[in-house]
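Hello,

Here is the structure I promised to pass on. My notes follow below it.

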Amino acid sequence: MSKNIDRRKFLRLSAVAGTGVLLLPEVAKASVLKETDENPEGSRQQKIPTRILGKTGIEMPILSMGVMRADNPSVLRAAYQSGIFHYDTAHGYQNGKNEELVGKFFKDKPRDSFFVATKISSPYPFKDTFETDLDEKLNLSLQRLQMDYVDIFYAHALKGTEEVTNDRLIAALKKIKSEGKARFIGFSTHAHKVEQIDAAIQAGIYDVILLSYNFKLNNLKETEDAIERGVKAGIGFVGMKCMTGGVEDTQGKKIINAQACLKWVWQNKHITTVIPGFSSYDQLDECLAAVHDLELSAQEKEYIAWLREEEMLYCQQCEQCLSQCRKHLPIPDIMRAYMYTYGYKYPALSKETLAEIQLPEDTCSGCTSCTVRCPSGFDVEKKIAAILPVMQIQDVFLT
C-alpha cells in the first residue's frame, strides 16, 4: 500500500474524530472535507467538468452517483461535498430504503443544489391496473424522497421498442410530467439500445435515456451512431454499467481499473454523465481521480484493449440465448443477477432481480444438459447454478 493511501485513510479518521485537516491530496478532498458547526456540510468543490443534458439544458458534472448500493449517508455526503450534482436511485432499490436514504440526506439541502432521478419498472405487457399501479408507486417514491418532484423519472429497464412507443406508457409519462411530479421523463435500458433510441426519437417525448455503455459492447459502433442521432434530436444520455460488472474476471476476484473505464466512456462527448455505484470513500476517490485526468494513458488503452478480449461478467443482453433455452428462461436477467452478486457484491439486488422475473423453483429440472451457447462465452448452466441459491437466503442475511 502506498504512503499516499495510508495518509488518505489517516486523514479520514482524523476528520471523523473532529481533528482539523489543513492539507489534503487533491483527489481525496471529497471524502475528508472538514465539517464544523458553522459549516456542517463542508465546502463544496466545483471542479468537475460539465456537459449539457440534451434539451433539458441542465449543465451537469460528468460524474454522478448511482446510489443503488449505498447505505451510508457519509458517502452520500462526501459525494455532495465533492461537487457531484446528480443522484440516481429507484423505487425498488433496497426495498425502498435507498430512496429513504436519499430523502433524509437531501431534505434540508437547497433544492437547486442537487438533481435526483428515480425509476419504476412495470411488467410488460402492461396489466389493466398499470396506470394506477405506476401512480401509487411514484407517490410512494416521492414520499420516501421527501420531495414534491424528481428531476428525472425513468420507466425502468425497458426491453423492446414496443414498450418505448406504447401509447399507455407515453400517456402515463406525459401525465407525470404535466402534474409536476417530474421535470423530465425518460427510460432506462440494458438491451436493444440501438432500436430503442430510434424508437425514442420517433416518439418525440423522451428527454433522457439511461443506458448501459462500456467498452465491451459488441455493437459499439451502431450504439454510438444511434446515440449521436438521439443527441441531434435533443435527447440527453446518461451512462450506466460503465465498469462492466466492477471486476476483471468471472469469479469477481480482481477489481477492475475504474479510472480507465470511466475515462473510456468520457471520450464520447455525447454521454453527458455516468452513474457509477460507489458505496465507499475509496471508490469515490477512484472516480474523482479519473475526473481530474480525462485522457487515457497508453497503459490504460492497452488495459482496455486486453479486457475487450476477456470473458467478464457483463452480459450483452443480446437475447440470443432465449430461443436456445428449452424452458424459455429469462437468461439475460439471470446473468444480470449473477453480475450483481459476483461483481457488485450485492446479493440483495440479485434476489430482487430474480424475484421480479418470478423464476420457478425447479428452474432447470428435466434438462440433462444445457443447450444454450452464449456468443460472449458465458457458461450459462454454471452461472445459473451459482446464482439460484441466493433466492433461498433470508433477506436479513443479505447485503
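Helix 14 gives the largest share of the lining of the second largest pocket, 3 residues. The model is predicted: local features need pLDDT of at least 70, side-chain atom pairs count only at pLDDT 80 or more, and totals for chains, interfaces and linings use all residues. Residues are numbered from 1 along each chain as its sequence is written, and side-chain values use heavy atoms, without hydrogens and water.

Back to the pocket. A pocket here is an open set of points on a 1 Å grid over the protein atoms alone, where a 1.4 Å probe fits, with protein on both sides within 12 Å along at least five of seven lines; lining residues have an atom within 4 Å of a point. The second largest pocket holds about 480 Å³, the space filled by probe spheres set on the points, which are joined across faces, edges and corners. It has 14 lining residues, and those closest to its centre are Gln 94, Tyr 346, Ala 348, Leu 398 and Thr 399. Helix 4 (97-106) and helix 14 (347-356) each supply at least two lining residues.

Now the fold. The protein has 15 helices and 10 strands. These are DSSP runs, numbered from the N terminus: helices are H or I with at least four residues, strands E with at least two. An open, parallel sheet takes 8 strands, in the order 3-4-5-6-7-8-9-10. Strands pair if DSSP finds at least two bridges between them. Strand 8 (residues 208-212) and strand 9 (residues 236-240) pair over 5 bridges.

Best wishes
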